[in-house]
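Welcome! Take a moment to look over the sequence and the structure below, and then we can walk through them together.

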Amino acid sequence: MSIIVEHVCKNFGDFQALHNINLEIKTGTLVALLGPSGSGKSTLLRTIAGLETPDIGNIIINGQNTTHLDVRQRNIGFVFQHYALFKHLTVRQNIAFGLEIRKKSRNFIKHRVEELLALIQLEGLGNRYPAQLSGGQRQRVALARALAVQPEVLLLDEPFGALDAKVRQELRSWLRHLHDEVHITSVFVTHDQEEAMAVADEIVVMNNGKIEQVGTPADIYDRPATPFVMNFIGAVNVVPPHISLVAEHTTEVLPHPVFIRPHDIEISALANPQNTPARIQRITHLGWEVQVDLILADHHQLVVHLSREKFTKLHLKKGQQVFIKPKRGYRGDTCEVLLDKASAYSA
Ligand SMILES: Nc1ncnc2c1ncn2[C@@H]1O[C@H](COP(=O)(O)OP(=O)(O)OP(=O)(O)O)[C@@H](O)[C@H]1O
């Protein structure tokens, strides 16, 4: 079921929470609404759900204009951050709840609940109460409960927001696998760019009630459409254009800074005509990669990320002089790729 959001505006009093939102969510995709706090993600999700009515614009679900349809008529499943399971009901009874309200037969309910327990991999825990489950397990039950009534669309508002980092990560890949099995058109809200990148087919980046960019995780990361997206998705060095690192690689006189991702800077122990000297100020081990903080002769500071393998090969030490060159950079005003020719230097 596709979802089309057409020219949607939503005000709360004088405050405009959504400004002319246009968006198409294709059938069967898993889409993340990503943005900082207050950017309008939940308002957009709630508008799609029918929990808010837009002041202007339409919500079209599977070709039907649902803008003024009641929530209950939209056949949408919800999962929220704070698992609202019924405490006095077992896992099985929680999952069965929506089916009982819809007066499905006893046999149908029994079969569907077992099917969903298998899907969420909690087969042995059907008779437990929510208080006897971990946070991650409760969230899986909440998902099963939402899926029980076979909604056409699944909406998730920060579904893993209340869980610790490790459980969040497990649930992310679990949600991805689940979606690959059930292919239900799904939209989830997150402010965590890593989560959006790891789970979504497409990411909608929001800022101040507007959409900044819609694209695949790779598009958003490699071809950010705006400086906001560049800064919000992943770390970035903002380098003034007169700084040697940039100046040596461009003939243009740029009025704006240049964005360079930390992994787009190459470090070498040897000088050559295309690289720029820098000194290592600090080395931080981040797990699978290593962060090297550098200072240039003109006192500009830069952050570089290296794989552990590369780091070990280079034998880098704090205080050491190294030589660097950018592999790729983006114009600070338009985000156009600017220093891509620098990739030729890395050969
Ligand atoms: N019912 C409401 N009445 C007044 N203002 C509201 C209401 N709901 C949301 N807002 C405002 O609209 C803006 C967008 O809120 P929204 O909850 O959509 O943001 P969000 O991107 O989901 O943020 P967060 O990640 O913090 O949940 C915020 O400034 C918020 O204060």
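The C-alpha centres of domain 1 and domain 2 lie 39 Å apart. This is a predicted model, where local features need pLDDT of at least 70, side-chain atom pairs count only at pLDDT 80 or more, and totals for chains, interfaces and linings use all residues. Residues are numbered from 1 along each chain as its sequence is written.

The domain bounds come from an automatic or database domain assignment:

| Domain | Residues |
|---|---|
| domain 1 | 3-232 |
| domain 2 | 237-346 |

Where the domains meet, five residues of domain 1 are in contact with four of domain 2 (C-beta atoms, placed from the backbone, within 7 Å). On the domain 1 side, four of the touching residues are nonpolar, one is polar and none is charged. Here Ala, Val, Leu, Ile, Met, Phe, Trp, Tyr, Cys and Pro count as nonpolar, Asp, Glu, Lys and Arg as charged, and the others, Gly among them, as polar.

Now to the ligand: its surrounding residues include Phe12, Phe15, Lys41 and His191 (C-beta atom, placed from the backbone, within 6 Å of it). By class, this shell has three nonpolar, eight polar and one charged residues. Which element gives the most to the shell? That is α1, with three residues; helices (H or I, at least four residues) and strands (E, at least two) are DSSP runs, numbered from the N terminus.

Within α1, the buried residues include Lys41, Thr43 and Leu44 (20 or more other C-beta atoms within 10 Å of their own, all placed from the backbone). Just after α1, Gly50 has a positive phi of about 95°.

How values were computed:
Contact = placed C-beta atoms within 7 Å. Buried ≥ 20, exposed ≤ 12 C-beta atoms within 10 Å, placed from the backbone.
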